[in-house]
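My entries follow the structure.

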Amino acid sequence: MAFDLQRAYRLNPAVAVRPEPFGALVYHFGNRRLSFLKSPRLVAVVRLLDRHDSAADALDAAGVPAGQRARYAAALAELAGSEVIDAR
Amino acid sequence: MPVDQAVLAEHPGPDSTLTGRFKRGLTAPICLTWELTYACNLQCVHCLSSSGRRDPRELSTAECQAVIDELERMQVFYVNIGGGEPTLRPDFWDLLDYSVAHHVGVKFSTNGVRLDRRAARRLAGTDYVDVQISLDGATADVNDAVRGTGSFAMARRAMQALTEAGFGEFKISIVVTRHNVSQLDEFKQIADACGARLRVTRLRPSGRGADSWAELHPTAAQQRLLYDWLSARPDVLTGDSFFHLSALGAPLPGLNLCGAGRVVCLIDPVGDVYACPFVLHEQFRAGNVREPGGFTRLWRESALLLRLREPAAAGACASCGQFDACQGGCMAAKFFTGLPLDGPDPECVLGHGERALAQVCLPDRPRAAPGHSRSSREPVFLGQIAARAAT
Amino acid sequence: MTQDTLDAEEENLVEADELLVEEVSIDGMCGVY
């Protein structure tokens with residue numbers, strides 16, 4: 001399923017998020033995939049997903065500037081593709 | 001919608017490269033190697049930990065559980081359990097279960113001695129555990145020359161058991177030597193036939209490896225062959241062993257940097273913490289987990305590990321255009337061949353290491369402690385272990 | 001810290017066209033045998 005900013009998402013329960021100075025390390029225990037989230041704001045977005053009715057709302061809640069939205073959406077799409085986040 | 005300030009983390013200084021970001025230090029290792037015991041039924045000629053005899057000061061079951069508890073709190077994702085032969089610890093299976101129950105994924109490295117059908121079935125029913133079988137030859141003659149008579153057959157039996165039990169994709173890990181680099185295709189065939197993932201790693205002059213490295217390490221021509229072979233097969237794992245070959249072309253998959261003290265480290269059977277498994281030497285020992293503050297304090301505050309996280313001086317490599325790619329290669333390879341750490345890797349693809357080696361005074365090279373080698377090189381096998389247990 | 005400062009710091013953190021997510025194999029660390 002293609003990533004959709006208007007859908008609600010959540011962090012996959014098999015995923016561990018470990019905050020680091022640069023953002024976070026994310027490890028999916030099921031598929032053994034390791035990802036680096038390279039911005040603290042992106043980490044915030046990921047944490048906010050399950051509290052909002054859409055990914056777009058989560059971007060707003062994290063204060064993603066308008067000029068950065070496409071970039072963050074691409075990052076979320078990437079995370080959806082590797083099953084770090086899924087639609088709920 | 002108001003910005004949720006409470007969720008935003010602290011901002012670091014500007015350092016935009018991925019490797020730059022965590023060269024400054026992570027809150028915990030990403031993964032680490034934990035040698036559970038120095039006991040081993042084999043006496044491989046190149047053993048990096050000079051294993052063989054159990055050390056009487058081994059961490060107890062309770063102490064091991066305390067380490068796992070720390071790793072859980074630190075959110076270490078994955079631990080490579082090795083040894084010696086880790087399955088020789090009577091509490092091995094309990095510790096495996098304990099680790100998984102405490103959210104620390106496990107890969108364990110084994111020569112297969114205890115991996116019979118029953119063990120394989122038990123593993124097939126356990127999630128979050130990866131199994132890695134060590135093999136150093138695609139045929140018994142090549143393998144056993146390094147690992148001992150019968151070790152090839154033992155490893156093959158273990159692989160068979162895992163395949164038949166439906167374990168799924170286990171790993172077969174080889175250390176590349178002058179004598180097995182011609183067998184790369186055969187290794188791949190063995191892995192494919194078992195439904196396993198092949199892993200190809202670098203020989204280091206560590207532990208017993210120091211004595212045999214000069215004869216066993218691949219030649220420059222063989223390194224190039226290896227690099228080309230790996231480049232064509234991105235599905236073959238390497239444990240990021242070959243970043244020293246990055247000057248040959250595009251870097252192989254992986255972080256392509258020395259992880260020692262930065263993203264990895266080692267805990268040894270008596271609780272000593274070293275920068276990585278290839279530098280079991282006092283100069284690279286950060287402390288012991290039995291000290292106050294345990295492993296956590298060592299990772300975050302020990303002088304050794306903090307020093308390793310500082311940018312490395314290029315030294316003699318400063319004028320070489322390839323330094324950014326290879327970063328001067330492997331610290332362990334330099335240390336145990338007697339080369340300065342701020343200079344070329346002994347296997348530098350431009351030949352700078354070979355020239356530097358010619359300057360080394362061999363008797364002055366650092367030597368690892370005698371370790372835990374058994375006096376006899378003959379391996380001990382399952383039948384003999386069972387017989388001993390019965391007496 | 002104002003929103004403007006956060007934005008400015010954010011741009012300093014990551015290169016303009018760099019991806020915000022990077023994946024590395026868990027086997028991609030040197031120092032694990």
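I looked up A:Tyr27 and found it opposite A:Leu34 in β4(A). The model is predicted, so I note its terms: local features need pLDDT of at least 70, side-chain atom pairs count only at pLDDT 80 or more, and totals for chains, interfaces and linings use all residues. Residues are numbered from 1 along each chain as its sequence is written, chains are lettered from A and ligands numbered from 1 in the order in which they are written.

I then took the strands themselves, which are DSSP runs (E, at least two residues; helices are H or I, at least four), numbered from the N terminus. Strands pair if DSSP finds at least two bridges between them. β3 (residues 23-28) and β4 (residues 33-37) of chain A pair in the antiparallel sense over four bridges. A:Leu25 stands opposite A:Phe36 in β4(A). The hairpin of β3(A) and β4(A) has four residues between the strands, and there A:Arg32 takes a positive phi near 65°.

Next I checked β4(A) against chain C. β4(A) and β1(C) pair in the antiparallel sense over five bridges. In β1(C), A:Phe36 has C:Glu22 as its bridge partner.

I traced the open sheet as β2(A)-β3(A)-β4(A)-β1(C), four strands with antiparallel pairing. Its edge strands, each pairing on one side only, are β2 (15-20) of chain A and β1 (21-25) of chain C.

Last, I looked up burial in β4(A): four of its five residues are buried (20 or more other C-beta atoms within 10 Å of a residue's own, with C-beta atoms placed from the backbone).

Conventions: Buried ≥ 20, exposed ≤ 12 C-beta atoms within 10 Å, placed from the backbone.
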